[in-house]
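This report describes the fold, the core and the ligand surroundings of one protein. The sequence and structure are shown first.

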Amino acid sequence: MDLMSPIGSSGSLAANADTQPMTLLSILLSFLPIPQPPSAAMAPTAAEYVAKHEIPVSEVKLDSRAARPQIVGPDTPEAPFPIALDGPVQKGFGRGSKDLGCPTANLPDESITPISSVAKTGVYYGYAQVIPPAEHPEGFSLEDLKVLPMVMSLGWNPFYKNEKLTAEIHIIHEFGRDFYGYEMRAIVLGYIRPELDYISREALIEDIEVDKCVALNCLERLGYKLYAKDSHFRLGASETKSNM
Ligand SMILES: Cc1cc2nc3c(=O)[nH]c(=O)nc-3n(C[C@H](O)[C@H](O)[C@H](O)COP(=O)(O)O)c2cc1C
């Protein structure tokens, strides 16, 4: 019996009589929701962990060299993406540049709610842009101010055992200077992988390098490229959608 259509196409229970006798129990069962296996989409959001004062338990990655897919996700962003974020860049613990060779820009708590309230912890990709105040653009090149590809970690950094939820964005670009305090705008377009614990710092660095390649490959798809021209960003005349 097809649990999705408890009543025959004629609308009559009797329509099933020639295929299978219907008992009262089977009729009742047919109206119960079908149990679904737990899926990634059903994982608690980062904000749900915060509300419960819990920190998700992360898997330890033992084999840092295990092959990973070089491109992930659908051909166009699917809900809950795209997710727009913005806020002033804050200092983290400084481990991104010191330990990992991967400087990250942290956003304040209120700026990460749009993603933490709808998404689970993990590593994400999208675009970001640094916007210095018009009167203080010193030290930035034109390249530094463009909309650039980014990878983002949302969670508790299990390798470092953080006690607070953070969102750290690494813009895939060599900046001429730091941009603490300046506004950053971002659009998150897809999920790459869960946050993991690692047996060594080198293993974490290796995975971050793969994340960057995966992000660049993912953003090459037309359905994602378009978002570099989104009105959430501050675009020059040469960067608007009509000039793609
Ligand atoms: C692309 C990317 C992937 C990351 N993946 C993990 C991870 O799997 N596990 C983890 O503990 N931290 C992960 N991190 C977070 C880094 O540990 C964190 O950004 C770094 O410690 C800098 O944090 P800080 O600015 O607060 O010092 C990742 C960061 C980035 C940018």
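The sections below go from the overall fold to the core, a helix and the ligand.

## Overall fold

The structure is a predicted model. The protein contains 6 helices and 8 strands, which follow one another from the N terminus in the order α-α-β-β-α-β-α-β-β-β-β-β-α-α.

Of its 244 residues, 26% count as buried. Among contacts in the protein with a separation of 6 or more, 77% join residues 24 or more positions apart.

## The nonpolar core

The largest nonpolar core comprises 39 residues, and those with the most contacts inside it are Tyr125, Met150, Ile169, Ala186 and Val188. Two or more residues each come from strands E2 (83-88), E4 (122-131), E5 (148-155), E6 (166-171) and E7 (183-193), and from helices H4 (109-116) and H5 (201-219).

Beyond its neighbours within four places in sequence, Tyr125 is in contact with Met150, Val151, Leu189, Gly190, Ile192, Ala215, Cys218 and Leu219.

## Leucine 107

Leu107 is located in the loop between strand E3 (105-106) and H4.

When residues up to four places away in sequence are not counted, Leu107 touches Leu85, Gly87, Gln90, Ile112, Ala167 and Met184. Leu107 and Val89 are 18 residues apart in sequence, and their C-alpha atoms are 5.4 Å apart.

## Helix H5

Helix H5 has 19 residues, which at 1.5 Å a residue should span 27 Å; the end C-alpha atoms are 27 Å apart, in agreement with this expectation. Its buried residues are Leu204, Asp211, Val214, Ala215, Cys218 and Leu219. Viewed down the helix axis, the buried residues of H5 fall within an arc of 115°, so they line one face of the helix. An α-helix has 3.6 residues a turn, so residues three or four places apart point the same way.

The cover over the buried residues of H5 includes H3, E4, E5, E7, strand E8 (197-198) and helix H6 (222-225).

## Surroundings of the ligand

The shell around the ligand holds 23 residues, of which Gly92, Phe93, Gly96, Ser153 and Phe159 come nearest. The elements that give two or more residues to this shell are helix H3 (95-100), E5, E6 and H5.

By residue type, the shell divides into 11 nonpolar, 8 polar and 4 charged residues.

How values were computed
Residues numbered from 1 in each chain as written. Predicted model: local features only at pLDDT ≥ 70, side-chain atom pairs only at ≥ 80, totals over all residues. Core = buried A, V, L, I, M, F, W, Y, C linked by C-beta atoms within 7 Å. Buried ≥ 20, exposed ≤ 12 C-beta atoms within 10 Å, placed from the backbone. Helix = DSSP H or I, 4+ residues; strand = E, 2+ residues; numbered from the N terminus. Contact = placed C-beta atoms within 7 Å. Near = placed C-beta within 6 Å. Nonpolar A, V, L, I, M, F, W, Y, C, P; charged D, E, K, R; others polar. Expected span 1.5 Å × (residues − 1). Arc of directions from axis to C-beta.
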